[in-house]
Amino acid sequence: MIEEVRELAGRWLESGRVDAVLGLRELDGRVAPHLFTDTGELDGLVLSPDYPVVYTCGQRRKTVPRLLERENPGGKIGVVARGCDERALIELAKRNQLSLEKIEIIGVSCTREEAESCGCSRPYPTNLAVGEAVEGVSVDEDVEALLGMSLEERREFWRREFSKCMKCYGCRNACPLCFCEDCQLEQEQWVDVGHVPPEIPMFHFIRFYHLADRCIECGECERACPVDIPLLTIHRLLRRDVKELFDYEAGRDAEHESPLITTLDEAPMEER
Amino acid sequence: MTGFEPRIVGFLCNWCSYAGADLAGVSRFQYPPNLRVVRVMCSGRVAPEAVVKALYYGADGVLILGCHIGDCHYLTGNHQAMKRVAVLGRLLSYLGVDPRRVRLDWVSASEGGRFAQIVTEFTEEIRTLGPCALGEGGP
């Protein structure tokens, strides 16, 4: 599978279809995102670990597409993208963080094992170029466990989990969809400074709510968390709710606007 | 739970609901004194963070009142409030807070009676739900 990706990337680079390819590179035993511009380098292109490449596109600081645009306006980059990467790219484009016209997606499917380890419900991109789409995971144990609890049990559960938080901001920094330059989590009026753990549940509530219509379920927040707070549980539930309430899924397509920034005419809901 | 008096924070929109509350007062409608009113320019102005912050600092319920759909001074501010509160309610329930503690409703400037009725109903509902105690107690 990796051979096919390398070959496709090489073909696109040679034909000038793209000026560079963004993917993971293994160098001296370490894997990190890299912008491949030379076909000779492509031997180093790898797919694993299943680290979303898009991390480098959506990060809060200087993103790869923006850097590329500054150095090479009008240039195009190919992005080796799994399902979650593609959803993130689409959602970021919709929120004016990058332009899909400057991106060519090299869609790669995940294996069933990878999908299971992520608990991913859609482990393949729409523009699938390499590999075969496998069925996603439909039931998440953490979600089911939370739904089975009473309100008091849920509150106690989260109090226990959130009290482990050391406010490292890893969940925010790892999120491909967190791109605000002025982050509410750093504003004293919302999150008190100098307290560890941060006020329960304010800190986490703000993250959950802000990502309700953005989260593409890549799971990077949970993977980044050094104290293993099951953050994805609530993100999965909210994604499900936003779909149920407004028929909207972040990253599904580039046309539909987020329901939380449109009027009822565009995303109607039942009058109570 | 003897002697429990609910503390309720109300976010009232400047154009309809605040005037509706004013009318309730002028018309001498009786309603419980548990509501603390915050006047905001629009129900769409009420950030969900502010609602949770109110609960964190000791409110037992939050009442958001705005203009009826179609009557918003800013045309669609209340549309957004409605969508936000729907998502907020789900999120609160996952975190272990009863979503009934947050209520969004519409009161026009001429509905003083409706204002009094909503505040009475909501206060009674919160009274049966009991104290919220979301935070460890604030300042």
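This is a predicted model: local features need pLDDT of at least 70, side-chain atom pairs count only at pLDDT 80 or more; totals for chains, interfaces and linings use all residues.
The assignment for chain A gives domain 1, residues 2–130, and domain 2, residues 141–261. If we take the centres of these two domains over C-alpha atoms, they are separated by 25 Å. Where they touch, domain 1 of chain A contributes 18 residues and domain 2 of chain A contributes 15 residues. Which elements give two or more residues to the side of domain 1 that touches domain 2 of chain A? They are helix H2, residues 55–58, and helix H4, residues 83–94, both of chain A, and H4(A) supplies the largest share of that side, with eight residues. Sorted by class, this side of domain 1 of chain A holds twelve nonpolar residues, two polar ones and four charged ones.

Let me turn now to chain B, which has four helices and four strands. As you read along its sequence, these elements follow the pattern β-α-β-α-β-α-β-α. Chain B has a radius of gyration of 14 Å, close to the 14 Å that the globule rule gives for 139 residues, and it is therefore as compact as a globular protein of that length. Its C-alpha trace spans about 35 × 30 × 25 Å along the principal axes, and 55% of the 139 residues in chain B are buried. If we consider the contacts in chain B between residues at least 6 apart in sequence, 81% of them join residues at least 24 apart.

That brings me to the interior. In soluble globular proteins, nonpolar side chains tend to be buried together. Here the largest nonpolar core has 106 residues, and the members that touch the most others are A:Val21, B:Cys13, B:Leu55, B:Val62, B:Ile64 and B:Leu91. Helix H3 of chain B, residues 77–95, provides the largest share of this core, namely ten residues, while domain 1 and domain 2 of chain A each give at least three residues to the core.

To look at one of these members, B:Leu55 touches B:Val62, B:Val97, B:Arg101, B:Cys132 and B:Leu134, if we leave out residues up to four places away in sequence. Finally, there is a second, separate core of five residues, among them A:Ala115, A:Cys118, A:Cys120 and A:Tyr124.

Methods:
Residues are numbered from 1 along each chain as its sequence is written. Chains are lettered from A and ligands numbered from 1 in the order in which they are written. A nonpolar core is a set of buried Ala, Val, Leu, Ile, Met, Phe, Trp, Tyr and Cys residues joined through C-beta atoms within 7 Å. A residue is buried if 20 or more other C-beta atoms lie within 10 Å of its own, exposed if 12 or fewer, and partly exposed in between; C-beta atoms are placed from the backbone. Domain bounds come from an automatic or database domain assignment. Two residues are in contact if their C-beta atoms, placed from the backbone, lie within 7 Å. The radius of gyration is taken over C-alpha atoms; the globule rule is 2.2 Å times the number of residues to the power 0.38. Ala, Val, Leu, Ile, Met, Phe, Trp, Tyr, Cys and Pro count as nonpolar, Asp, Glu, Lys and Arg as charged, and the others, Gly among them, as polar.
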